[in-house]
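I opened this notebook to record what I looked up about charged side chains and the arrangement of the chains. The entries follow the order in which I checked them.

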There are 2 protein chains.
Amino acid sequence: MTCLKHTLPNGLQLIAECYSDAYTLGIGFFVRAGSRDEPAELAGVSHFLEHMAFKGTPTMTAEEVNLAFDRIGAAYNAFTGEDATVYFAAVLPEFQEAACRLLAELMRPVFPPDEFDREKQVILEEIRMYLDEPPFGADDLCRAKFFAGHPLGRSVLGSTASVEAIGVEQMRAYHRRRYAPNNMVLAAAGRVDFDALVRQAEAFCGGWESWDEDRMLHPLEPAYGFHLSPKPSASHEYLIQMSEGPSGYSKERFAAQLLAAVVGDDSGSRLFWEFVDSGLADSASLAFSEHEDAGVFTLTLSCAEELFSDNLERLRKLIRGLETDGITEEELQRAKRKIFTRTVLAGERPRNRLFSLGLEWLLFQSYQSVQEKLRLVEAVTLEDVNRLIQRYPLSCHATVAAGSWEAIQ
Amino acid sequence: MTCLKHTLPNGLQLIAECYSDAYTLGIGFFVRAGSRDEPAELAGVSHFLEHMAFKGTPTMTAEEVNLAFDRIGAAYNAFTGEDATVYFAAVLPEFQEAACRLLAELMRPVFPPDEFDREKQVILEEIRMYLDEPPFGADDLCRAKFFAGHPLGRSVLGSTASVEAIGVEQMRAYHRRRYAPNNMVLAAAGRVDFDALVRQAEAFCGGWESWDEDRMLHPLEPAYGFHLSPKPSASHEYLIQMSEGPSGYSKERFAAQLLAAVVGDDSGSRLFWEFVDSGLADSASLAFSEHEDAGVFTLTLSCAEELFSDNLERLRKLIRGLETDGITEEELQRAKRKIFTRTVLAGERPRNRLFSLGLEWLLFQSYQSVQEKLRLVEAVTLEDVNRLIQRYPLSCHATVAAGSWEAIQ
């Protein structure tokens with residue numbers, strides 16, 4: 001495996017992990033445009049724009065784009081987050097050029113007005129469904145409360161009101177600023193012909209004009225507190241709890257990943273034994289996610305109404321115990337083995353490597369091979385994790401409880 | 001890649017695809033025990049048993065099993081279907097023996113009474129949640145109506161009443177019959193040491209006693225008709241429609257797979273253009289699944305209440321058009337490319353190969369490499385697909401519509 005990089009004169013960065021023994025390649029554009037970049041009145045525009053990228057380009061209609069992807073048998077999709085929008089395709093090696101050309105087309109959408117109006121309805125429907133399903137918007141609410149005015153507190157979907165108000169010209173202006181080539185990475189992983197990729201990027205993206213716009217980073221000043229989100233028809237209670245963690249630039253992020261596995265992994269974690277194995281909750285987990293200027297631990301728990309207040313008390317005790325005694329060496333070793341296996345498993349699939357490759361390069365200008373990641377995880381000590389627990393106490397959190405009122409009160 | 005096979009004296013069959021360049025291996029037991037094997041009064045016992053497999057073995061408690069999997073960093077899980085129950089783990093190569101030993105432990109559960117009672121509550125909760133979420137049990141209902149008394153019509157979860165009534169001794173007897181070594185396959189894929197695997201299987205499974213029990217196969221006599229499943233609180237309407245297709249033994253199954261892609265793939269299919277791209281439905285798809293004595297096409301559609309009856313009419317027209325004119329060569333070629341890419345992508349991941357390897361060997365005593373599968377897909381002609389459309393008309397179906405009553409009536 002070799003990792004190769006190149007930058008076009010207009011600022012578009014290329015990065016690729018080339019494996020001669022892979023059978024496919026993943027390729028994608030990683031755009032530094034997410035909900036955190038949106039002015040309040042355009043909340044949801046990044047995600048809406050992602051949909052519109054498939055709805056017509058300078059040379060192709062929506063239908064032609066779709067047919068062209070199908071013709072090369074591509075497995076393709078896109079997603080939008082707080083920090084980035086990603087467009088990707090997995091194809092057989094003979095279709096590298098076609099996939100690159102098509103993805104480049106998507107980066108220059110034309111926003112046909114009729115498609116715009118129709119897609120807006122699709123998004124509004126998506127928002128309605130999101131609010132209709134567990135945890136009934138509690139995650140967005142918790143994010144807003146915890147980040148307290150910080151751009152990372154914004155909802156990726158936006159609100160019904162904000163999406164309804166977005167106009168084509170506003171989206172066009174947002175696109176011009178955020179989809180400039182110097183604000184993107186073109187990444188590829190797998191059976192990549194890198195020399196050809198450079199030529200293809202020059203041909204398809206070389207004419208894009210750069211734009212002088214950066215992202216505003218802000219120190220996080222989280223707000224703690226307990227909030228209720230009533231949903232009378234809910235059959236279960238849902239808890240979302242957010243706490244601060246190290247940012248994606250921090251050396252402590254591997255310790256944070258390990259802590260999340262010890263405390264809240266799907267199986268064999270403290271939350272698992274306390275709540276899931278015992279049957280007190282149907283799910284309980286802790287996840288860590290990293291951004292440029294902040295990291296966040298998200299704890300979720302869902303259970304029957306009548307167990308909710310007891311579970312809250314148990315959770316408080318569990319976190320108190322963690323902060324008093326730390327974790328054990330045995331827990332750390334088990335968590336390391338899990339992360340090892342997952343990292344290697346993810347590395348086997350070009351499509352998965354593509355995501356970490358592209359996002360880490362886009363957000364942190366950082367590249368780590370699977371082997372380097374394994375070394376960094378291995379190097380974390382018990383002291384590192386226990387220091388992290390003190391530095392970023394899980395007992396300081398914003399919490400949202402969604403469900404019928406009775407149990408919560 | 002080499003495919004190796006071996007059978008132990010007690011009838012346990014081993015099959016493995018060994019790749020010297022893989023970084024992990026997937027390993028799993030495939031048991032010919034599913035909802036189709038259950039007497040009516042034990043509906044749900046296969047799935048309940050799958051849960052109990054993790055709850056105590058002759059030498060380990062539930063907690064020890066969980067810790068032991070974690071200690072080797074295994075990504076492990078299990079699932080139950082109509083035809084089979086599968087237990088699997090993905091591990092780094094140095095943990096092949098430990099993973100094999102642990103999975104073998106799971107195959108001989110001891111069913112501790114307290115764990116049994118506790119797990120029963122977990123399953124009952126799972127059934128409640130299943131009925132609470134879209135499509136609100138409509139899939140199980142449609143399956144029961146369509147298969148009309150055929151064993152494949154049974155629900156994997158079972159009902160609240162049937163699960164409540166299951167006793168430990170009944171589960172033990174079911175286990176003795178269905179978990180006999182001659183009714184299982186031990187499969188592995190990836191960086192497998194096959195000679196070692198044979199020795200490990202002999203050591204861990206060689207003492208299991210075989211049992212003279214087979215599966216009853218039945219010709220399918222599907223029942224057609226339209227059924228309503230009222231859910232007053234639903235915000236959307238859900239349609240499930242089942243039609244007959246070729247069985248997993250049939251040469252026509254690749255044509256059926258291609259037809260499902262042409263008609264109902266996620267993107268670029270006839271259903272996609274008619275309903276999803278146009279915004280008339282939020283999802284619409286057609287899937288094909290194969291069993292030993294039957295195949296089934298399952299069409300699903302969900303949309304806003306006010307569009308439901310119009311959509312039903314559109315769907316009828318779409319199927320009529322398909323049966324009158326067939327599909328086009330261009331559609332077939334696009335579907336082939338998609339299936340190619342997916343097959344190759346799945347083949348890149350040992351864990352995915354494991355599932356088709358184990359299930360196809362267990363159910364059909366058939367082995368096909370990724371290359372052979374690609375050849376068989378390539379060989380399907382337009383005539384094959386259009387003949388299939390006539391032979392298995394999608395217009396003959398059992399349908400369940402779930403949602404609030406108003407739109408349906």
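**Entry 1: a pair between chains.** I found a salt bridge between B:Asp277 and A:Lys55, with the closest N and O atoms 3.0 Å apart; I take a salt bridge to be a side-chain nitrogen of Lys or Arg within 4 Å of a carboxyl oxygen of Asp or Glu. B:Asp277 lies in the loop between α10 (270–276) and β9 (283–290) of chain B, and A:Lys55 in the loop between α1 and α2 (62–71) of chain A, so the pair joins two chains. Helices (H or I, at least four residues) and strands (E, at least two) are DSSP runs, numbered from the N terminus. I noted B:Asp277 as buried, because its relative accessibility is 13%, and A:Lys55 as buried too, at 11%. Buried means under 20% relative accessible area, exposed over 50% and partly exposed in between (1.4 Å probe, protein chains only).

**Entry 2: basis of the values.** I worked from a predicted model, in which local features need pLDDT of at least 70 and side-chain atom pairs count only at pLDDT 80 or more, while totals for chains, interfaces and linings use all residues. Residues are numbered from 1 along each chain as its sequence is written, chains are lettered from A and ligands numbered from 1 in the order in which they are written, and side-chain values use heavy atoms, with hydrogens and water left out.

**Entry 3: pairs within chain A.** I looked up the pair A:Arg36 and A:Asp293, a salt bridge whose closest N and O atoms are 2.8 Å apart. This pair links distant parts of the chain, 257 residues apart: A:Arg36 is in the loop between β3 (25–31) and α1 (45–52), and A:Asp293 in the loop between β9 (283–290) and β10 (295–304). Both residues are buried. I then checked A:Asp37, which forms a salt bridge with A:Arg215 at 2.6 Å between the closest N and O atoms. A:Asp37 lies in the loop between β3 and α1 and A:Arg215 in the loop between α8 (194–205) and β7 (225–230), so the pair ties together parts that are 178 residues apart in sequence. A:Asp37 and A:Arg215 are buried.

**Entry 4: network and total.** I recorded a network of salt bridges that links residues of both chains, including A:Asp70, A:Arg71, B:Asp265 and B:Glu330. Over all chains, the structure holds 58 salt bridges.

**Entry 5: symmetry.** How is chain A superposed on chain B? I noted a rotation of 180° with 0.0 Å of shift along its axis (RMSD 0.0 Å), by least squares on the C-alpha atoms of residues with pLDDT of at least 70 in both. That is the relation of a two-fold axis.
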